[in-house]
Amino acid sequence: MSSTAHTVPVVHDVAIIGAGPAGLSAALNLVRAKRTVLLVDANRPRNAATLRSHGFLTRDGISPLELRKLGRTEVEGYPEATVVQSVVDLVAPDVDTDTWRVHGSWRGTELEARARTVVVATGLREEFPALPMLRAFYGTAVHSCVECDAYDKAGQPLAFICETDDVVDRALLIASWTDDLIVYTNGVAPLDDAGRARLASAGVVVDERVVEDLEGDRSGMTGVRLADGHVEPRTGGFVRPVWHADLDWLRTSATTSTSATSGNTAENGDTPGALEGLQRDTRGLLVVDRVGRTSVPGLYAVGDVTPPGPEQLIVAAGHGAATAAAVHRDLVGGLADLRDAVQ
């Protein structure tokens with residue numbers, strides 16, 4: 001059952017925040033376990049610019065947006081499912097009712113809901129190098145997922161634009177699909193002599209000059225333009241984004257006014273803090289056990305927002321199914337049996 005009403009007074013077994021492959025897979029498996037599921041999605045997928053997704057068995061080459069649509073339709077077909085579009089701004093435990101409060105809004109309509117458990121499946125926000133034309137070619141000529149898109153770039157003259165410290169390992173991975181690869185560090189990515197030697201031995205060219213922009217037209221990308229004016233012909237390539245886990249809406253108190261989640265002061269004069277006891281790694285990703293339990297009982301996470309970070313769609317979907325099974329088992333056990341939980 002799909003609902004367009006954004007006020008949900010009942011207490012759901014599970015609230016899932018995010019409807020990518022991980023969240024949809026978790027939702028599908030949970031409704032089939034006869035769990036009542038509230039699936040909340042802002043409909044702002046990170047891969048919206050990608051025309052084709054790959055590696056998903058029986059769906060190779062499908063549009064990621066179409067894959068999401070198919071998955072949502074399947075979930076909505078179950079009476080245990082309630083699907084709403086909303087931007088969540090508060091998820092917090094309420095110790096008085098032993099539930100989680102979920103608050104959000106969409107175009108002036110508020111979402112106010114309660115759930116026994118919460119699954120975070122919101123994914124990540126990607127930050128790209130500041131190149132004006134990068135977005136124009138992203139998803140067609142330039143990609144971020146090597147495993148997903150390198151096959152279709154095999155043998156082409158490619159560029160790899162990377163400003164992060166994993167530049168060598170990522171470049172060597174890309175080089176397994178082409179023998180004509182130039183790595184652009186943009187004068188930012190750290191490279192030592194050992195890294196340069198590894199790349200040179202693999203036939204990978206390194207250019208540490210500043211990149212000004214990409215060049216091309218409606219027919220596609222044609223080159224990389226450097227700040228000194230040199231243009232190197234390239235037909236496509238890969239870019240290494242910096243990932244951000246935007247999770248400020250995970251709060252420690254469910255009784256704080258929602259205005260405080262936007263940085264304002266609550267009625268009692270306090271600003272709500274980050275969820276107490278929640279473990280995150282050095283990149284801000286949610287630390288989980290092998291089946292998606294976080295360090296906070298009743299809170300789970302799955303997909304890109306958990307280590308190691310961005311992963312193929314089919315892998316995220318598999319993780320969603322595993323986490324759904326864990327949520328169901330924990331609900332059967334009254335959330336008391338958390339032997340695998342992160343300590």
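Colleague: Where is the place of Leu 57 in the chain?

Modeller: In this predicted model, look at the loop between β2 (37–41) and α2 (64–76), and you'll find Leu 57 there.

Colleague: Is Leu 57 buried or exposed?

Modeller: The idea is to check the relative accessibility: over 50% is called exposed. Leu 57 comes out at 66%, so it counts as exposed.

Colleague: Okay, on to the helices. How do α1 and α2 pack?

Modeller: You want an angle and a distance. Helix α1, residues 21–31, packs with α2 at about 20 degrees, and their axes are 9 Å apart. Angles under 35 degrees count as roughly parallel, and therefore α1 and α2 are described as roughly parallel to each other. As for the handedness, α1 passes α2 in a left-handed crossing.

Colleague: How many residues of α1 are buried?

Modeller: Buried means under 20% relative accessible area. In α1 that goes for 8 of the 11 residues, so this helix is largely enclosed by the rest of the structure. Among them are Ala 22, Gly 23, Leu 24 and Ser 25.

Colleague: And what about Leu 70: where is it?

Modeller: Leu 70 sits in helix α2. With a relative accessible area of 33%, Leu 70 is partly exposed.

Terms used. Residues numbered from 1 in each chain as written. Predicted model: local features only at pLDDT ≥ 70, side-chain atom pairs only at ≥ 80, totals over all residues. Heavy atoms only, no water. Helix = DSSP H or I, 4+ residues; strand = E, 2+ residues; numbered from the N terminus. Buried < 20%, exposed > 50% of the residue type's maximum accessible area, 1.4 Å probe, protein only. Axes fitted to C-alpha atoms, helices over the stretch in contact; angles between N-to-C directions. Parallel < 35°, antiparallel > 145°, perpendicular 65-115°, else oblique. Left-handed = near helix turned anticlockwise from the far one by under 90°.
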